[in-house]
Amino acid sequence: MTLKIKQKIPLKIKKIGINGEGVGNFKGTTVFVPGALKGEDVYAEIVTSERNYATAKVLKLNKKSSHRVVPMCDIYKQCGGCQIMHLAYPQQLLFKQDVLRQALQKFKPEGYETYEVRKTIGMKKPEHYRAKLQFQTRFLGEKVRAGLFAENSHKLVEIKNCLVQDETTQAIINEVTELLTFHRIPIYNERKFDGIRTVMVRRANHTGEVQLIFISSTQVELTRTIDSLTEKFPEIKTIALNINRKKSSEIYGDETEILWGERAILEGVLDYTFELSPRAFYQLNPEQTNVLYREAVKAMDASADDDLIDAYSGTGTIGRAFVGKVKSIRGMDVIAESIEDAKVNVPDGIYEVGTAETVVPKWVAEGFRATALIVDPPRTGLDNKLLDTIIATQPEKMVYVSCNVSTLARDLVKLASVYDVKYIQSVDMFPHTARTEAVVKLVRKLSKKPN
């Protein structure tokens with residue numbers, strides 16, 4: 001049955017979907033309802049309608065879930081950065097365990113029904129955990145404002161007090177907007193103006209050191225702004241300017257210049273410290289990163305004879321955890337600054353600039369065969385060329401660190417042909433959002449041998 005837009009229907013919510021929305025069924029049509037929770041009865045209005053599914057908005061909550069809570073955030077509905085803040089935190093952890101099962105059920109990798117999906121490891125205090133922000137800037141109402149675009153729009157939602165953002169980074173971005181206004185710094189507008197389009201602020205949890213990147217579509221004069229910022233916030237150690245002239249949604253361009261301070265800040269995880277340059281990737285939740293990396297090391301169960309590849313290595317932070325535990329470490333990343341950091345952080349490792357799907361096959365062609373492999377890909381998951389290389393060479397041990405349950409389940413379809421999935425450990429890196437991180441332990445099947 002095809003539902004009509006603006007049609008009003010009663011609906012029982014059967015589960016929470018992978019994007020955090022309530023999911024029900026009306027006369028054979030699946031209906032997705034943002035903001036609704038499992039077990040609730042709602043009266044809803046159809047917003048979009050396709051042949052096999054529809055989306056709707058809640059008009060009235062006829063039966064409320066006992067796990068529904070009042071969101072702590074005043075702009076929760078407008079912002080869209082968090083999707084499940086209206087769900088009690090213990091239930092969020094159960095949802096993130098369930099969302100892994102939903103993804104496995106959809107893609108059905110070999111033996112998925114018997115996979116051990118472990119309880120999600122959560123946080124004691126799931127607020128102010130994000131150590132990095134990337135806020136868009138626009139000139140609105142005679143002043144510069146910073147925040148995020150509302151979902152599916154280019155309407156900026158100003159954020160002055162984000163409850164999941166590190167408080168120091170929030171204070172700095174608030175000051176940045178005041179200074180950009182006061183000093184009349186050019187601000188980007190899609191149709192008319194060049195100037196500052198995004199500001200990144202990152203704080204190292206281990207040292208408290210802070211770095212900023214101003215991302216601009218043109219060169220801008222920031223001397224007075226920098227002087228004011230560094231005087232008020234002595235924890236700032238690096239300020240950089242990145243030029244991005246592209247008319248696209250990509251945040252960064254290829255040119256990055258250090259305007260003030262050090263090349264990198266110092267961060268720490270587990271029992272070691274490492275350098276982070278402005279554009280280098282690092283996990284957004286430092287507290288849970290300790291949990292995630294500890295689980296990754298435990299899942300790998302590395303030995304002193306292992307040759308390890310750390311695919312999608314970033315700055316070498318995961319690889320660094322295996323120093324002293326394996327015979328050799330290699331890694332790659334597409335961002336040159338990250339590889340520079342990795343060479344400092346893992347001085348005995350071999351790191352190259354390039355994609356995993358290009359570099360790993362090159363190493364194999366040169367005669368290098370890894371016995372252990374750890375992958376931490378972006379949300380798009382593993383490239384098919386890399387998957388084919390893994391299937392062909394079959395490192396004995398593999399750990400898959402995933403930030404997207406759907407692409408993880410998809411990739412397991414191929415990987416499960418040669419690997420036993422020992423367990424999947426969910427780690428809550430992003431409280432109040434629908435996203436979860438997962439560590440998967442894979443061991444080559446006894447019946448399989450590499451080519």
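## Largest cavity

Helix α9 provides the largest share of the lining of the largest cavity, at three residues. The structure described here is a predicted model. The volume of the largest cavity is about 80 Å³. Its lining is made up of Ile309, Val360, Val364, Phe368, Arg369, Ala370, Leu373, Thr389, Ile390, Thr393 and Pro395.

Sorted by class, the lining of the largest cavity holds eight nonpolar residues, two polar and one charged. Among the lining residues are Phe368, Arg369 and Ala370.

## Second largest cavity

A search of the whole structure gives three cavities of 30 Å³ or more. The residues around the second largest cavity are Ala131, Lys132, Arg202, Arg203, Ala204, Glu267, Leu276, Tyr282, Gln283, Leu284 and Pro286.

By class, six residues of this lining are nonpolar, one is polar and four are charged. For the largest cavity, the corresponding counts are eight nonpolar, two polar and one charged.

## Second largest pocket

The second largest pocket has a volume of about 310 Å³. It is lined by 15 residues, and those closest to its centre are Ile16, Lys38, Gln91, Leu94 and Phe95. Strand β1 (8-16) and helix α2 (89-107) each contribute at least two residues to the lining. Helix α2 gives the most, with six residues.

The lining of the second largest pocket comprises five nonpolar, six polar and four charged residues.

## Positive phi angles

Lysine 6 is a residue other than glycine with a positive phi, near 80°. Lysine 6 sits in the segment before β1. The relative accessible area of lysine 6 is 61%, so this residue is classed as exposed, the cut-off being over 50%.

Histidine 128, also a residue other than glycine, has a positive phi near 50°. Histidine 128 belongs to the loop that runs between β6 (117-121) and β7 (132-140). With a relative accessible area of 26%, histidine 128 counts as partly exposed, because that class lies between the limits of 20% and 50%.

Note on methods:
Residues are numbered from 1 along each chain as its sequence is written. This is a predicted model: local features need pLDDT of at least 70, side-chain atom pairs count only at pLDDT 80 or more; totals for chains, interfaces and linings use all residues. Side-chain values use heavy atoms; hydrogens and water are left out. On a 1 Å grid over the protein atoms alone, a cavity is a set of points where a 1.4 Å probe fits but cannot get out, and a pocket is an open set with protein on both sides within 12 Å along at least five of seven lines; lining residues have an atom within 4 Å of a point. Grid points are joined across faces, edges and corners, and a volume is the space filled by probe spheres set on the points. Helices (H or I, at least four residues) and strands (E, at least two) are DSSP runs, numbered from the N terminus. Ala, Val, Leu, Ile, Met, Phe, Trp, Tyr, Cys and Pro count as nonpolar, Asp, Glu, Lys and Arg as charged, and the others, Gly among them, as polar. Buried means under 20% relative accessible area, exposed over 50%, partly exposed in between (1.4 Å probe, protein chains only).
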